[in-house]
Amino acid sequence: MLSVKNISKSLGDLAIKDVSFEVQQGQYFVLLGASGVGKSVLLDTIAGLIRPDAGRIFLDGKDITGEKIQMRKIGLVFQNSTLFPHMTVYDNIAYPLRCKKLKDSQIHKRVAELAENFAATGLLKRRPQTLSGGESQRVSLARTVASEPRCLLLDEPISSLDVKARPQMRALLRKINANGQAIVHVTHDYTEAVSLGTHIGVMEGGTIAQIGSVEEIFHHPKSEFVARFVGIRNFFKGQLEKLDEPQENTRRFKTSGLSFSALTDSPSGSGYIMVRSEDVTIGNAASQTSARNNFEGTIVDIVPAGVGVEVIVDIGTEVAALITAESVKTLELHCGKRVWVSFKASAVKYVEG
Amino acid sequence: MGPSPKIKTEPLSLVFAALGGVVLLFIVAPLASMFLNCSLPELAETAKETDVRNSIWLTLWTSMAATVIFAIAAIPFAYLLARKDFPLKGLVTAIIDIPIVIPHSAAGIALLGVLSRSSLLGRAAGKIGLSLVGSSAGIMAAMAFVSIPYLINSARDGFLAVPDRLEKAALNLGASPLRVFLTVSVPLAARSIVSGLILMWARGMSEFGAVLIIAYHPMITPVLIYERFGAFGLKYARPVAVIFIAVCLVFFVFLRLLAKEKQSA
């Protein structure tokens with residue numbers, strides 16, 4: 001549907017080079033990259049705010065590279081609020097509807113619907129300046145969705161929110177995507193990529209280093225850079241269970257046949273847990289430590305990883321542990337050997353999703 | 001221990017305040033003396049004169065009409081200057097300021113060249129039965145010529161202060177450039193635009209030199225004051241001046257308050 005082909009653009013210190021990717025109807029494409037790699041420039045280029053130096057952009061097969069901004073059918077939610085300060089929240093959401101010259105009654109109905117969907121019903125009479133970060137972001141989203149874009153571009157929609165407002169925003173984005181909306185979301189935060197993306201592109205130095213499904217990127221990073229940047233090799237989708245004993249924060253997280261302990265105060269439900277490979281230790285026997293997660297498995301691979309060695313252990317699912325070459329020697333690790341892997345419940349990061 | 005001593009006042013501030021006082025006095029003293037030298041019966045008598053009333057009315061409406069008519073072109077032009085880069089933009093910006101720096105009598109002479117009956121524009125206007133010289137149309141042209149830089153500069157500064165991301169966001173939501181201009185740029189620059197309109201109107205209303213050359217008749221109040229002074233002396237010119245200043249001040253204060261109220265709404 002959206003097809004970005006060989007886009008290059010230099011803008012002062014920022015430069016994107018030869019960026020290509022495709023997003024299909026219903027996909028949630030997360031562009032993951034450090035700040036300053038030109039993610040926002042790329043979105044601005046797709047939306048037509050900036051003209052690319054080279055390359056083409058297609059939407060539904062039509063070349064829109066030179067199309068006017070207002071004719072593109074690409075909705076961009078800016079990183080910083082661009083709500084119109086001289087209008088109420090109602091008028092902000094109604095703005096794209098008025099551009100379509102809808103009747104007042106239709107506008108009223110649609111704004112009410114959107115406000116309901118984006119938890120903004122109580123905000124309609126307020127001015128943007130009086131909104132919190134999360135509220136402002138929800139209204140911006142509602143306003144852009146009101147314009148019925150073919151593809152929705154989001155520039156760091158979650159990172160600027162305070163921690164409490166994030167789960168609600170993630171849930172909203174998931175809901176929009178579930179309605180079939182194609183989304184391109186740029187972020188520097190891999191947890192957003194894991195919990196929201198169906199597809200991920202990792203940007204390195206102004207170009208895309210790897211594109212693939214979430215599993216491909218995280219489990220099979222093509223380069224050292226991608227592996228380091230995505231940071232997390234171990235993540236599992238599953239169910240966070242209710243608290244057994246109210247005074248305890250250690251919770252069970254169930255995933256295909258395995259059960260992990262996680263330290264979190266998030267509400268129960270489906271989500272992801274992530275464990276950094278640096279936090280996983282390997283031993284030849286089960287030992288009594290404070291680690292709540294201990295599993296026996298078989299080593300399936302030992303890979304040098306720039307700094308240290310990555311040992312992949314199959315415990316019913318693959319777990320990566322980053323350990324020193326010395327440890328590999330001392331423990332006499334080799335493929336096919338039975339070992340114990342362990343990590344603390346506090347090393348488990350849980351994200352709803 | 002007693003209360004801590006006050007920080008000593010800098011002598012420099014005192015010097016500056018004294019200088020400020022001199023400037024203020026320089027502005028206020030002549031006006032005050034003029035007002036104080038007019039008796040109430042004298043003012044009442046003058047206010048009844050048809051010539052005076054007609055001239056004040058003429059000055060007010062021509063200056064307002066000139067402001068409104070020229071604003072239609074000046075505001076979009078100011079937007080262009082704020083948003084777009086084009087060749088010779090520096091030159092264009094300098095040209096806009098020319099009416100401020102040239103003597104207004106010279107401005108009147110220059111305008112007369114293009115508005116007179118023998119000029120192209122004058123002949124064209126003559127064909128539809130309109131005379132540009134010695135008419136309210138000529139007065140408006142003269143007023144606008146000397147006052148339009150104030151509106152353009154103020155509106156341009158206003159547009160410059162509108163974040164262009166907001167305009168791009170509006171385009172992104174499907175608005176046409178005209179709609180963006182009318183619903184985003186102009187409302188957000190309204191404060192500067194209104195202030196520019198008031199300045200242009202006030203400057204046009206107080207214009208004397210250029211109008212004198214283009215249209216001695218019909219007589220606007222600044223010309224009337226000059227004529228009475230020349231023909232009858234200070235005593236006859238003063239009440240007209242006082243009444244005119246009072247009327248201007250009332251309008252000026254009223255418009256300022258209106259603009260302020262609109263901002264806070």
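B:Arg165, B:Asn172 and B:Leu173 supply 39% of the area that chain B buries against chain A, more than any other three residues. The model is predicted: local features need pLDDT of at least 70 and side-chain atom pairs count only at pLDDT 80 or more, whereas totals for chains, interfaces and linings use all residues. Residues are numbered from 1 along each chain as its sequence is written, chains are lettered from A in the order in which they are written, and side-chain values use heavy atoms, with hydrogens and water left out.

**Overall form of chain B**

- Chain B has 12 helices and 0 strands; helices (H or I, at least four residues) and strands (E, at least two) are DSSP runs, numbered from the N terminus.
- The radius of gyration of chain B, taken over C-alpha atoms, is 23 Å, well over the 18 Å that the globule rule gives for 265 residues, so chain B is more spread out than a compact globule. The globule rule is 2.2 Å times the number of residues to the power 0.38.
- Along the principal axes, the C-alpha atoms of chain B fill a box of roughly 85 × 65 × 35 Å.
- Of the 265 residues in chain B, 40% are buried; buried means under 20% relative accessible area, exposed over 50%, and partly exposed in between (1.4 Å probe, protein chains only).

- In chain B, 76% of the contacts between residues at least 6 apart in sequence join residues at least 24 apart; contact means heavy atoms within 4.5 Å.
- Between the chains, 18 residues of chain B are in contact with 23 residues of chain A.
- Chain B carries 22 positive and 13 negative side chains, and the centres of the two sets lie 5 Å apart. Lys and Arg count as positive and Asp and Glu as negative, while His and the chain ends are not counted; the place of a charge is NZ of Lys, CZ of Arg, CG of Asp or CD of Glu.

**Helix 2 of chain A**

- Helix 2 (residues 89-99) of chain A is largely enclosed by the rest of the structure, because 9 of its 11 residues are buried. Among them are A:Tyr90, A:Ile93 and A:Leu97.
- The cover over these buried residues includes helix 3 (104-117) and helix 4 (133-146) of chain A, together with helix 8 (164-172) and helix 9 (177-205) of chain B.
- A:His86 lies in the loop between strand 6 (74-77) and helix 2 of chain A, and at 22% relative accessibility it counts as partly exposed.
- Leaving aside residues up to four places away in sequence, A:His86 touches A:Arg127, B:Thr183, B:Val184, B:Pro187 and B:Leu188.

**Backbone exceptions**

- Most residues other than glycine have a negative phi, and most peptide bonds are trans.
- A:Ala119, although not a glycine, has a positive phi of about 50 degrees; A:Ala119 is found in the loop between helix 3 and helix 4 of chain A.
- A:Glu332 is likewise not a glycine and has a positive phi of about 55 degrees; A:Glu332 is exposed, with a relative accessible area of 58%.
- B:His217 and B:Pro218 are joined by a cis peptide bond, with omega about -15 degrees; B:Pro218 is in the loop between helix 10 (209-214) and helix 11 (221-232) of chain B.

Technical notes. Buried area is the accessible area (1.4 Å probe) that two parts lose on being put together, summed over both.
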